Every structure is written in structure tokens, then in C-alpha cells.
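Please read this briefing alongside the sequence and the three-dimensional view shown below.

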Amino acid sequence: MTDDVMVAIDAGLRQHIGGDRAGAYATFTELWASIGPDGDPLHRVALAHHLADVCDDPAEELEWDLRALAAADSLTDSRAQEYHSSLAVRGFYPSLHLNLGEDYRKLGDLAAAREQLELARRRLDALCDDDYAAGIRLALDGLAERLG
């Protein structure tokens with residue numbers, strides 16, 4: 001069964017990857033208006049996570065990343081696995097905390113950034129030993145370096 005919202009999120013992601021940040025932002029904000037803050041947690045976490053990436057304002061980026069984290073907190077493994085059998089919610093957290101750490105760094109709240117970095121590192125065991133995990137680890141190292 002096709003999840004039309006996830007298909008639409010993927011289309012917005014392709015816009016972003018293709019260089020159309022403004023188009024992706026418009027796609028994502030329209031989708032958010034249709035699913036709302038009480039919609040399916042899987043849709044909210046995916047959408048807010050990607051929407052944060054197309055925000056030009058670091059404060060707005062933080063708001064979307066906080067929404068993604070809140071949605072992950074209400075998402076169950078069974079719901080995530082309805083979309084893809086390999087998904088486990090605990091595997092979302094390293095990336096979510098990494099993004100929050102970067103947001104706080106951009107906003108100058110280095111203590112909060114370091115806290116998010118530590119939260120992400122504590123949850124790395126949720127990831128497999130694959131390219132995705134290697135990318136998250138590399139990004140966490142980069143954040144740590146930027147934080148000094």
C-alpha cells in the first residue's frame with residue numbers, strides 16, 4: 001500500500017536535493033498544513049525533519065527540528081514498520097539530536113548544542129554499521145569540532 005504523504009514528502013526532498021529549496025519549502029509547508037500538528041507521527045517526524053533542512057532562519061530551523069523530535073517521541077516502531085519493515089524509532093534519534101545540536105550552535109547556545117551532541121552520541125548504538133551510520137558519526141565529529 002502506498003503512503004501518499006510519504007510520497008509527497010519524498011517529492012519535496014527531491015526538490016531540495018535538486019537545488020530548489022524554495023520549492024521544497026513550499027511543498028513541505030503545504031503538506032504540514034494538510035496533516036497538522038496532530039497528524040500521523042511518522043508523517044510529522046519525516047516532514048518536520050526535512051522542512052528544517054530548507055529553512056534559512058536558524059530559529060525556524062530549530063522549531064521544525066523540535067517538532068520532529070516531539071513527533072518521534074510519539075511514534076511507535078509498529079507504525080514506522082508499516083512504512084518500511086527495517087525502521088526502528090530509536091534509530092531516528094542520533095540524526096534528530098545532531099540536527100538540534102547544529103541548530104543550537106548556529107544560534108550561539110553552545111551549552112545546548114553540546115548537550116544535543118552528547119544525546120546523539122549516546123544513541124549511536126541504535127544504528128547499524130552502514131554508510132548512513134558512518135555519515136552520522138562523521139557529522140557528529142564535525143559538530144564536535146565546530147563546538148571546540
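Leu143 has a relative accessibility of 0% and therefore counts as buried, a word that here means under 20% relative accessible area, with exposed meaning over 50% and partly exposed in between, for a 1.4 Å probe and protein chains only. The model is predicted, so local features need pLDDT of at least 70 and side-chain atom pairs count only at pLDDT 80 or more, while totals for chains, interfaces and linings use all residues. Residues are numbered from 1 along each chain as its sequence is written, and side-chain values use heavy atoms, with hydrogens and water left out.

**Leu143 and helix H8**

- Leu143 is found in helix H8, where helices (H or I, at least four residues) and strands (E, at least two) are DSSP runs numbered from the N terminus.
- Leaving aside neighbours within four places in sequence, Leu143 is in contact (heavy atoms within 4.5 Å) with Leu98, Gly101, Glu102, Arg105 and Leu117.
- Between Leu143 and Ala113 there are 8.7 Å in space, C-alpha to C-alpha, although the two are 30 residues apart in sequence.
- The buried residues of H8 are Ala133, Ile136, Leu140, Gly142, Leu143 and Leu147, and what covers them includes helix H6 (93–106) and helix H7 (110–122).
- H8 (residues 131–147) has 17 residues, which at 1.5 Å a residue should span 24 Å, and its end C-alpha atoms are 24 Å apart, in agreement; the expected span is 1.5 Å times one less than the number of residues.

**Helix H3 and its surroundings**

- H3 has 12 residues and reaches 16 Å from its first C-alpha to its last, close to the 16 Å expected at 1.5 Å a residue.
- Because 12 of the 12 residues of H3 are buried, this helix is largely enclosed by the rest of the structure.
- The buried residues of H3 pack against helix H1 (4–17), helix H2 (21–35), H4, helix H5 (77–83) and H6.
- His50 lies in H3 and, at 18% relative accessibility, counts as buried; leaving aside its neighbours within four places in sequence, His50 is in contact with Ile9, Leu13 and Phe28.

- Two packed helices are described by the angle between their axes and the distance between the axes; axes are lines fitted to C-alpha atoms, for helices over the stretch in contact, and angles run from 0 to 180 degrees between N-to-C directions.
- H3 (residues 41–52) and H4 (residues 58–74) pack at an angle of about 160 degrees with their axes 8 Å apart, and are therefore roughly antiparallel to each other; angles over 145 degrees count as roughly antiparallel, under 35 as roughly parallel, 65 to 115 as roughly perpendicular and the rest as oblique.
- H3 residues that meet H4 include Arg44, Val45 and Ala48, and among their H4 partners are Trp64, Asp65 and Ala68.
- By class, the contact of H3 with H4 has 9 nonpolar, 2 polar and 4 charged residues, where Ala, Val, Leu, Ile, Met, Phe, Trp, Tyr, Cys and Pro count as nonpolar, Asp, Glu, Lys and Arg as charged, and the others, Gly among them, as polar.
- The axes of H4 and H6 come within 9 Å and cross at roughly 155 degrees, and these two helices are therefore also roughly antiparallel to each other.
- The contact of H4 with H6 divides into 10 nonpolar, 2 polar and 5 charged residues.
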